Every structure is written in C-alpha cells, then in structure tokens.
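User: Hello! I am new to this structure and would like to get to know it step by step. Could you walk me through it?

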Amino acid sequence: MRKEFIKKFYYLFWIFIVGCFVGWIVEGVFSFLKHGIFMNHSALVIGPFNAAYGLSACFLSALLVKYQNDNYFKIFLIGFIGGSVLEYIMSWGMELVLGFSAWDYSSKFLNINGRICFTYSIFWGILAIVWVKLIYPYL
C-alpha cells in the first residue's frame, strides 16, 4: 500500500510540475499575442512556474482519466464544467485567504460574479481535450 501511495504521489508531483510550466508558457504566449508584451505570470518564488496551473493539471487529470477514451464532446463538457467550478473556487479562495483575486471577468459575456465567464469556460473544455487526449497519455 505504501508503494502504491508513493507511486501515485510521484505521478501527481510530475503532473503538477508539467502543469505549472506548460500553463506558464501558454499564459505568456496568450498575453504576448493579446497585449504585444511578455508578462511573467510566475506564482512561485523560483522559476517559470504557476501553482494554479499545476493544481489545475492535477484536478483535470483526476477528473478526466476515466473518460480518456470517450468522445471529444463528453470530455469537452466535463472540462467546461469542471474547469469552471475549479476556477470559481480558486478565485473565491484567493479572495478569502489573500484579500484579492488575480482576475476579474466582470466585463466579459456570461460571467458569474466576475470569477468565471463563458469564453474561458470554453477554453477549459478545449484544454480538457488537449490535456487528456494529447498530453496526459505521454506522462
């Protein structure tokens, strides 16, 4: 049992690290394309890592692993809903613990309390497909 726990922990650790780094890259590219400048979205003291992306990668992996062989629409829908719930909880938790939120979608279409919006929920769905079909199998 101890071996199995260590194996799962080790596996989740690497998913976390990959998620932190890949999320940091994607956010940097997105910011560059949107604003024309590179913005560093690091959330850890050392290196190009953002823990929110690592936690999201672990969450998406745990949520979607059993649906890995299902159709794309089902994976999209689970990612759309699951990612949106995660983003809402992270925003709310950040505000509760730190007194601020790192994002505000109040001006976006179909937002809920400025914490989530339809556009980024679609990105969660797409990310779920990319993650579980293209990246996760190779981890």
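## A first walk through the model

Analyst: Happy to. Keep in mind that this is a predicted model.

User: Is histidine 35 buried, partly exposed or exposed?

Analyst: Buried means under 20% relative accessible area and exposed means over 50%, with partly exposed in between. The relative accessibility of histidine 35 is 46%, so its class is partly exposed.

User: How far apart in space are histidine 35 and leucine 60?

Analyst: In sequence, 25 residues separate histidine 35 and leucine 60. From C-alpha to C-alpha, their distance in space is 28 Å.

User: Let's move to serine 61. Is it buried or exposed?

Analyst: Serine 61 sits in helix H2, residues 51-64. The cut-off for buried is under 20%. Serine 61 has a relative accessible area of 6%, so it is buried.

User: Which side chain does the side chain of serine 61 join in a polar contact?

Analyst: Leaving aside neighbours within four places in sequence, serine 61 is in contact with Ile15, Trp131 and Tyr136. The polar contact between side chains is 2.8 Å, and the partner of serine 61 in it is tryptophan 131.

User: Now helix H3. How far apart are its end C-alpha atoms, and what span should its residues give?

Analyst: H3 has 27 residues, and at 1.5 Å a residue they should span 39 Å. The computed distance agrees with that, because the end C-alpha atoms of H3 are apart by 37 Å.

User: What do the buried residues of H3 pack against?

Analyst: Buried residues of H3 include Ile75, Gly79, Leu86 and Met94. The buried residues of this helix pack against H2 and H4.

User: Which residue's side-chain oxygen reaches toward phenylalanine 73 at the start of H3?

Analyst: The atom it approaches is the backbone nitrogen of phenylalanine 73, and the oxygen comes to within 3.1 Å. That oxygen belongs to asparagine 71.

User: And just after H3, what phi does glycine 99 take?

Analyst: Glycine 99 follows just after the helix, and its phi is positive. The value is about 85°.

User: What is the phi of leucine 110, and what is that of asparagine 113?

Analyst: Leucine 110 lies in the loop between helix H3 (72-98) and helix H4 (118-135), and asparagine 113 is found in the loop between H3 and H4. Leucine 110 is exposed at 53%, and asparagine 113 is exposed at 60%. Each has a positive phi though it is a residue other than glycine: leucine 110 is near 50°, and asparagine 113 is near 55°.

Technical notes:
Residues numbered from 1 in each chain as written. Predicted model: local features only at pLDDT ≥ 70, side-chain atom pairs only at ≥ 80, totals over all residues. Heavy atoms only, no water. Helix = DSSP H or I, 4+ residues; strand = E, 2+ residues; numbered from the N terminus. Buried < 20%, exposed > 50% of the residue type's maximum accessible area, 1.4 Å probe, protein only. Polar contact = N/O pair within 3.5 Å; in protein donor to acceptor, adjacent residues only side chain to side chain. Contact = heavy atoms within 4.5 Å. Expected span 1.5 Å × (residues − 1).
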